Amino acid sequence: MTTGHWYERFDDSEAFQLVDIVHTRTPAIVVKDSQLQKRGKQARAQLRSLPLFQSLGLNRVVHTDLWDNEYSPIDYEHISSENVDPEEVEFPLVHVVTQDGILEYGEEDLVRRLLERSLDEDGQYVLITDTTAPRTPTYTKKPGRSVVDDFPAIAVRDYASLANSFLEDALDGRSRIPVVDTRNVFFHAASAIHAEAGAPADGIEAVFDYTRAPTDSPVWDSARYFVEHDLENVLEDYSDHIREALRSWTEKGDTQRVANHILEVLRICDYDASTLENYRQRDPNYR
């Protein structure tokens, strides 16, 4: 049933490497994502950067279980920050954590050790956080001093700038979704493919209309995740679960409507992988 990874379906993806977007070969990179600065119950899109780094070959991710809702629009290797062994986890590695997570939720030792190992072993480590100067005060006694001061080899980048470069260079500006709506490149990749096929492409909800989605659209991966992880008998309330899970990936908008599209195609296909594949291959005029 597999059709390859979603990021292999747009032009030039194979030629686009991490170094092309970060413009450095240093193994340790701090990426500030302003979305992580938003706090409280309404905070969302904490994981929006993962599709970008997955498309660049970084599929192993450490983050808190708080953002994991069992369902994900993309398939990646999640390692819980509550259980990870900093001496054993392998590079390349993405780590998503806020400064509060570092200081108040026990990830200070983890961040410090992974930075040390990354630089010693030349292993790619991307630390995505809400500041350009993450602090580990247990190790650095001087007030205000950050890991960037302690390890001059660390490069610092801004996620919004990296995402914009990707949309311009890898997708060649073909996405029809306004960048102010989302900087999750998964949705933009879907939009670009939909636009080329003449399918709805001007919003996140539009690209999840499975009755019109092209056969090579990345949104099929989001439905396939459900059946490949055998979630039919695990999740008691699929609609609420998918809606809440999507909030970790989208900055704004009604995730319920997207969840409804995913559930609709799963029900049409009776949660069966082969039936879903046959439906995907069908001409949209006959779905």
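This is a predicted model: local features need pLDDT of at least 70, side-chain atom pairs count only at pLDDT 80 or more; totals for chains, interfaces and linings use all residues.

Q: How do you know whether the radius of gyration of the protein agrees with that of a compact globule?
A: With 287 residues, a compact globule would have a radius of gyration near 19 Å, and the protein has 19 Å, so the value agrees.

Q: Why is the contact between glutamate 196 and arginine 174 called a salt bridge?
A: The closest N and O atoms of glutamate 196 and arginine 174 are 3.7 Å apart, and a salt bridge needs a side-chain nitrogen of Lys or Arg within 4 Å of a carboxyl oxygen of Asp or Glu, so the pair counts as one. Glutamate 196 lies in helix α7 and arginine 174 in the loop between α6 and α7, so the pair ties together parts that are 22 residues apart in sequence.

Q: What makes glutamate 196 exposed and arginine 174 partly exposed?
A: Exposed means over 50% relative accessible area, and buried means under 20%, with partly exposed in between. Glutamate 196 has a relative accessible area of 64%, and is therefore exposed, whereas arginine 174 has 24%, and is therefore partly exposed.

Q: Why does aspartate 20 count as partly exposed?
A: Aspartate 20, whose place is in helix α1 (residues 18-22), has 33% relative accessibility, so it counts as partly exposed, a class that lies between under 20% and over 50%. Asp20 also gathers with Glu168, Asp169 and Asp172 in a patch of negative charge on the surface.

Conventions: Residues are numbered from 1 along each chain as its sequence is written. Side-chain values use heavy atoms; hydrogens and water are left out. Patches are made of residues with over 30% relative accessible area and no salt bridge: like charges are joined within 9 Å, nonpolar side chains (Val, Leu, Ile, Met, Phe, Trp, Tyr) within 5 Å. Accessible areas come from the Shrake-Rupley method with a 1.4 Å probe; for residues, only the protein chains shown count as cover. Lys and Arg count as positive and Asp and Glu as negative; His and the chain ends are not counted. The place of a charge is taken as NZ of Lys, CZ of Arg, CG of Asp or CD of Glu. Helices (H or I, at least four residues) and strands (E, at least two) are DSSP runs, numbered from the N terminus. Buried means under 20% relative accessible area, exposed over 50%, partly exposed in between (1.4 Å probe, protein chains only). The radius of gyration is taken over C-alpha atoms; the globule rule is 2.2 Å times the number of residues to the power 0.38.
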